[in-house]
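Open the model in your viewer and keep the sequence panel beside it. The stops below are meant to be taken in order.

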Amino acid sequence: MVGLIIALSVVGVVLIVILICSIKIVRQAQKVIVERMGGYHKTWDVGIHMLIPFFDRVAYRISMKEQIKDFAPQDVITKDNVTMKIDTVVFYIVTDPKLYSYGIENPVLAIENLSATTLRNIIGELDLDETLTSRDVINTKMRNILDEATDPWGIKVNRVEVKNILPPKDIREAMERQMRAEREKREKILIAEGEKQSAILEAEGRKASMILNAEADKEAAIKKAEGESEALVKLKNAEAEGMLRVRQAEADGLKLIKDAKADEAVLKLRSYEALVKLGEGQATKIIVPSDIQNLAGTITALSEVVKK
């Protein structure tokens with residue numbers, strides 16, 4: 001009786017263990033392929049699932065996250081027969097877990113080999129310079145070809161990137177010399193452009209200075225001419241005013257003579273005084289009227305004219 005109880009207890013424990021082992025949990029971003037009796041049965045999503053003991057088994061656990069595969073550098077030959085090494089990075093996701101599990105034996109190895117052959121075909125159509133400057137073209141062509149080829153395997157290639165392009169050592173050295181020459185050329189061009197610009201600015205500065213000096217000289221000449229003109233006008237006005245005052249003084253003198261009612265004796269005396277002043281001058285000849293009285297008469301006649 002005791003042996004039977006022990007046997008039943010052992011069987012119960014075994015059944016509990018088997019039941020516990022039959023409970024499976026599928027995590028987020030995972031898919032589980034279940035086989036029954038050696039064939040595909042179903043695909044489990046996220047959650048708790050139960051296997052039928054001895055009949056069902058978990059065949060594959062597949063990640064549904066985007067995956068990255070960095071492949072080793074591949075030897076490729078360009079159109080102009082230059083051998084170089086190029087390595088690529090492929091970004092892909094699994095779209096169909098069943099096709100991914102049963103469509104091909106080793107999907108990652110298949111993508112690597114397909115990437116290598118596709119890369120050789122694309123680079124074989126390009127020369128060295130195009131290979132170095134056409135990464136976007138290479139990436140796009142590789143992505144399209146790989147995506148189409150991996151579709152039957154339940155894989156979608158989202159992106160392909162050329163990571164490194166390594167030409168031979170002699171090609172790299174030649175490229176470095178070329179780049180150095182280009183840098184020196186650009187440096188000389190920049191220096192020449194700077195000197196040219198400096199010379200242009202200096203010439204423009206001298207031109208502007210000469211223009212300003214000429215304008216200043218012109219303005220000074222104009223001001224000087226205006227000043228001389230004003231001075232001449234003032235001088236003429238002063239001379240005219242002086243002559244006018246002389247004439248006015250003469251007229252006033254004649255008027256005074258008239259108002260004083262000077263007789264002929266006074267006029268003769270004035271005539272004598274005028275002759276004396278005339279004699280004091282430097283004239284070598286003096287003409288004296290034969291009749292000094294006629295001179296007095298002439299002065300009288302002149303006073304009459306002024307009177308009128």
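## Stop 1: a residue in helix 3

Select I123, which has its place in helix 3. Helices here are DSSP runs of H or I with at least four residues, strands are runs of E with at least two, and both are numbered from the N terminus. Before going on, note that this is a predicted model, in which local features need pLDDT of at least 70, side-chain atom pairs count only at pLDDT 80 or more, and totals for chains, interfaces and linings use all residues. Residues are numbered from 1 along each chain as its sequence is written, and side-chain values use heavy atoms, with hydrogens and water left out.

Is I123 buried or exposed? I123 is buried, with a relative accessible area of 0%. Buried means under 20% relative accessible area, exposed means over 50%, and partly exposed lies in between (1.4 Å probe, protein chains only).

Now show what surrounds I123. Leaving aside neighbours within four places in sequence, I123 is in contact with V76, I77, T78, K79, I86, T131 and I138; contact means heavy atoms within 4.5 Å.

## Stop 2

Show the side chains of the contact. Helix 3 contributes I111, L114, S115, T118, L119, I122 and I123, and helix 5 contributes I138, K141, M142, I145, L146, A149 and T150. By class, this contact of helix 3 with helix 5 has 10 nonpolar, 3 polar and 1 charged residues. Ala, Val, Leu, Ile, Met, Phe, Trp, Tyr, Cys and Pro count as nonpolar, Asp, Glu, Lys and Arg as charged, and the others, Gly among them, as polar.

## Stop 3: strands 7 and 8

Go to strand 7 (residues 74–77), whose covered face has Q74 and V76 and whose uncovered face has D75 and I77. In a regular strand the side chains alternate between the two faces of the sheet. Strand 7 runs antiparallel to strand 8 (residues 83–94), and 4 bridges join them. Two strands pair if DSSP finds at least two bridges between them. Find I77, which stands opposite T83 in strand 8. The two strands form a hairpin with 5 residues between them, and N81 in the turn has a positive phi of about 60 degrees.

## Stop 4

Next, select the open sheet of 3 strands, which has the order 3-2-5 and antiparallel pairing. Its edge strands, strand 3 (39–44) and strand 5 (56–63), each pair on one side only. Strand 2 (residues 30–36) is joined to strand 5 by 7 bridges, and V34 stands opposite V58 in strand 5.

## Stop 4: the end of the tour

Select S22 in helix 1 (residues 2–22). S22 is buried, at 5% relative accessible area. Zoom out: the protein has 8 helices and 9 strands.
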